Amino acid sequence: MNTKSVTITSKNQITLPNEYVKVLKLAQNRVLPADLHDGKIILSPQADLSEAMQQFWGKHSVKRPLTEAELKQAVRSSATKRASKAT
């Protein structure tokens, strides 16, 4: 892939080239960790929750993979149960 140029806006924002977004399958409002290393900014897309769970689904027998909304609800429910037990 060829090197592309980006412009920094007055709000310190950049727009990624569409080619990069498509290749990396990035969704709008996706948060990318940014590291500063040897004077370079490195953006490293990480798996979203459903992508991260793909490994789990492959190792465990489930009727169907949970949707991202179902996963988030399960996490909230678990956190609420743990918080109520702590009090």
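Asp38 lies in the loop between strand 1 and strand 2, where strands are DSSP runs (E, at least two residues) and helices are DSSP runs (H or I, at least four), both numbered from the N terminus. The model is predicted, so local features need pLDDT of at least 70 and side-chain atom pairs count only at pLDDT 80 or more, while totals for chains, interfaces and linings use all residues. Residues are numbered from 1 along each chain as its sequence is written, and side-chain values use heavy atoms, with hydrogens and water left out.

**Exercise 1.** Describe how strand 1 and strand 2 are arranged, and what stands out at Asp38.

Solution. 
- Step 1: Strand 1 covers residues 34–37 and runs antiparallel to strand 2, joined by four bridges; two strands pair if DSSP finds at least two bridges between them.
- Step 2: Within this pairing, Leu36 stands opposite Ile41 of strand 2.
- Step 3: The two strands form a hairpin with two residues between them.
- Step 4: Asp38 is not a glycine, yet has a positive phi of about 50°.
- Step 5: Asp38 counts as exposed, at 69% relative accessibility; buried means under 20% relative accessible area, exposed over 50%, and partly exposed in between (1.4 Å probe, protein chains only).

**Exercise 2.** Characterise the largest pocket by volume and by lining.

Solution. 
- Step 1: A pocket is an open set of points on a 1 Å grid over the protein atoms alone, where a 1.4 Å probe fits, with protein on both sides within 12 Å along at least five of seven lines; lining residues have an atom within 4 Å of a point.
- Step 2: The volume is about 360 Å³, meaning the space filled by probe spheres set on the points, which are joined across faces, edges and corners.
- Step 3: Of the 15 lining residues, Val6, Ile14, Leu16, Ile41 and Leu43 lie nearest the centre.
- Step 4: Helix 1 (18–24) and strand 2 (40–43) are the elements that give two or more residues to this lining.
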